[in-house]
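Biologist: I have not seen this structure before. Could you take me through some of its strands and helices?

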Amino acid sequence: MIKLEPIVEVINVAMKYQSLNGEIHALKDISFSVDKGEFVSIVGPSGCGKSTLLSIISGLLAPTSGMVLIDGEKVTGTSKKVGYMLQKDHLFNWRTILGNVLLGLEIRGEVTPESREYALNLLRSYGLYEFKDKYPEQLSGGMRQRAALIRTLATKPEILLLDEAFSALDYQTRLAVSEDIYKIIKKEGKTAILVTHDISESISMADRVIVLTKRPATIKNIHKIEFSCNNRTPISCRDAPEFRHYFNRIWKELDIHVEN
Amino acid sequence: MLKIKKRSNNDISPEHREFLRAMKLRRAAVLVTQIIVLIGFFVLWEMAARYKLIDAFITSQPSRIVRSLTDLYRQGKLLMHIAITCYETVIGFLLGTAIGTIIAVILWWSEFLAKVTEPYLVVLNSLPKIALGPIFIVWIGAGPASIIAMALAISLVVTILEVLNGFLSVDRDKIKLVQTFGANRFQVLTKVVLPANLPTIINSLKINVGLSWVGVIVGEFLVSKAGLGYLIVYGGQVFQLDLVMTSVLILAVAAALMYQGVVLLEKVLVKRMSKS
């Protein structure tokens with residue numbers, strides 16, 4: 001099912017932030033790889049540098065040391081192979097849904113009749129075609145997040161980076177949207193890396209879960225997630241007996257204490 | 001309210017219809033009262049002047065204002081004076097907004113420049129710009145150019161500060177989003193920062209209309225040979241209060257109309273953004 005060739009390789013990545021108040025050691029020696037078509041979640045305590053790691057993979061930030069390879073090539077800036085999804089949908093309220101979906105193509109100067117048709121097809125496949133001339137505020141939170149995903153998919157990335165992509169939504173919407181987005185990502189055959197602080201979310205969506213430690217973050221453990229159920233989706237696998245087992249193990253590894 | 005209006009009448013409950021009717025009545029009552037106050041003011045003014053309760057030589061009176069208005073009109077000067085002042089004002093606030101926005105873009109682009117200019121902008125902002133009038137007259141000459149410079153001086157710094165502030169408060173994640181698509185700084189500006197700040201820019205246009213009127217009238221006080229400000233100064237000097245009052249009234253109407261024009265422009269341009 002999964003072709004075992006690494007598409008993303010993170011090699012000894014470390015990151016230090018400089019500020020007037022001193023130095024923040026965010027990441028310390030992180031190495032892992034992600035195979036084509038795989039869905040990997042990264043969990044860690046809040047503020048441990050998960051998002052920093054994603055920014056480095058996307059090429060928005062340069063690591064202090066180490067490097068990231070995508071398809072064997074060293075990342076030096078943003079790559080066309082990578083799509084990024086942020087916590088909020090950030091649809092621009094001055095653009096129609098179609099205008100928003102075409103944003104990435106526009107920035108890359110790639111709006112052609114073909115790419116436009118591709119974007120329209122995505123809207124068609126995922127039930128937003130009739131809303132293409134509407135404005136974001138006329139859509140529900142779930143639909144907006146779906147439009148945001150289509151905006152990313154329109155640029156045909158091979159790898160999707162999801163940066164807490166669901167955490168701005170309320171709980172019910174979040175379950176529905178993560179199910180929705182998961183199915184779309186699988187159907188489009190994309191590789192995905194999801195950063196989240198939600199343990200359930202990370203298990204429910206991923207083939208593997210990478211657990212990070214507190215700052216400076218290192219990899220504590222990598223769990224391969226396998227469920228006995230058929231037709232696994234994020235919601236259905238929450239019923240699987242293994243789910244709780246994974247949850248407990250990751251929870252213990254995160255080692256979160258409420259201190260007074 | 002808007003959404004309710006769009007709905008067909010039959011799904012409005014009687015209570016809601018009653019509520020809407022009451023709201024409508026209230027709005028009508030406010031409007032009628034406003035009109036009565038306005039008419040009442042002019043009637044009282046006229047009466048007080050006719051029955052010698054006030055000295056119409058000093059206070060003027062509505063009938064005299066109408067007379068001086070028609071006189072001016074017959075002499076063919078009325079429209080000329082109005083046009084000159086309006087022209088100077090429009091140029092003043094358009095230039096103020098445009099140049100202010102351009103400078104704000106430059107300062108947004110270069111954080112270094114923004115830091116360097118910051119104290120100077122603060123000082124210029126608190127300086128009463130009217131003090132610059134004589135300098136403009138010496139440098140540019142006693143004509144419309146000086147008057148426009150005055151209007152510009154009053155609105156420029158406020159615009160720069162206001163618009164730059166808007167630019168800097170754009171959601172960083174929105175900028176990050178376009179950067180993930182590989183946007184350069186120019187694209188960040190045109191795709192995110194400028195469109196997101198259209199309301200800010202229109203708002204400063206609104207403020208600048210008012211400031212430009214101040215600048216233009218002050219400028220006309222100082223130098224001009226024509227325009228409403230000139231009529232006011234001239235009327236005051238020859239103790240012709242009819243002329244002064246007439247000019248002030250025209251000014252009030254013209255300023256209000258121009259402001260409404262910008263509000264209209266705002267509605268057209270920002271319709272999409274304020275709808276949420």
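Modeller: The questions below go through parts of chain A and then chain B of this predicted model.

Biologist: In which order do the six strands of the open sheet in chain A stand?

Modeller: The sheet is open and its pairing is mixed. Its twist averages 15° from one strand to the next. Read across chain A, the order is 6-7-8-3-9-10.

Biologist: Which strands of chain A stand at the edges of that sheet?

Modeller: An edge strand here has a single partner strand, so one side of it is left without a neighbour in the sheet. In chain A this applies to strand 6 (82-85) and strand 10 (219-224).

Biologist: Which residue is the bridge partner of Val43(A) in strand 9 of chain A?

Modeller: Strand 3 of chain A covers residues 39-43, and strand 9 of chain A covers residues 208-212. The two pair in the parallel sense over four bridges. In strand 9 of chain A, the partner of Val43(A) is Val211(A).

Biologist: At about what angle does helix 8 of chain A run to strand 10 of chain A?

Modeller: Helix 8 of chain A spans residues 241-254 and lies across strand 3, strand 9 and strand 10 of chain A. Angles over 145 degrees count as roughly antiparallel. For helix 8 and strand 10 of chain A, the angle is about 175°.

Biologist: Why is helix 11 of chain B oblique to helix 12 of chain B?

Modeller: The axes of helix 11 (residues 198-223) and helix 12 of chain B come within 7 Å. They cross at roughly 50°. That angle makes helix 11 of chain B, relative to helix 12 of chain B, oblique.

Biologist: How many residues of the contact of helix 11 with helix 12 of chain B are nonpolar?

Modeller: Helix 11 of chain B contributes Val216(B), Ile217(B), Glu220(B) and Phe221(B), while helix 12 of chain B contributes Gly229(B), Tyr230(B) and Val233(B). One residue of this contact is polar and one is charged; the number of nonpolar residues is five.

Conventions: Residues numbered from 1 in each chain as written. Chains lettered and ligands numbered in written order. Predicted model: local features only at pLDDT ≥ 70, side-chain atom pairs only at ≥ 80, totals over all residues. Pairing = 2+ DSSP bridges. Axes fitted to C-alpha atoms, helices over the stretch in contact; angles between N-to-C directions. Contact = placed C-beta atoms within 7 Å. Parallel < 35°, antiparallel > 145°, perpendicular 65-115°, else oblique. Nonpolar A, V, L, I, M, F, W, Y, C, P; charged D, E, K, R; others polar.
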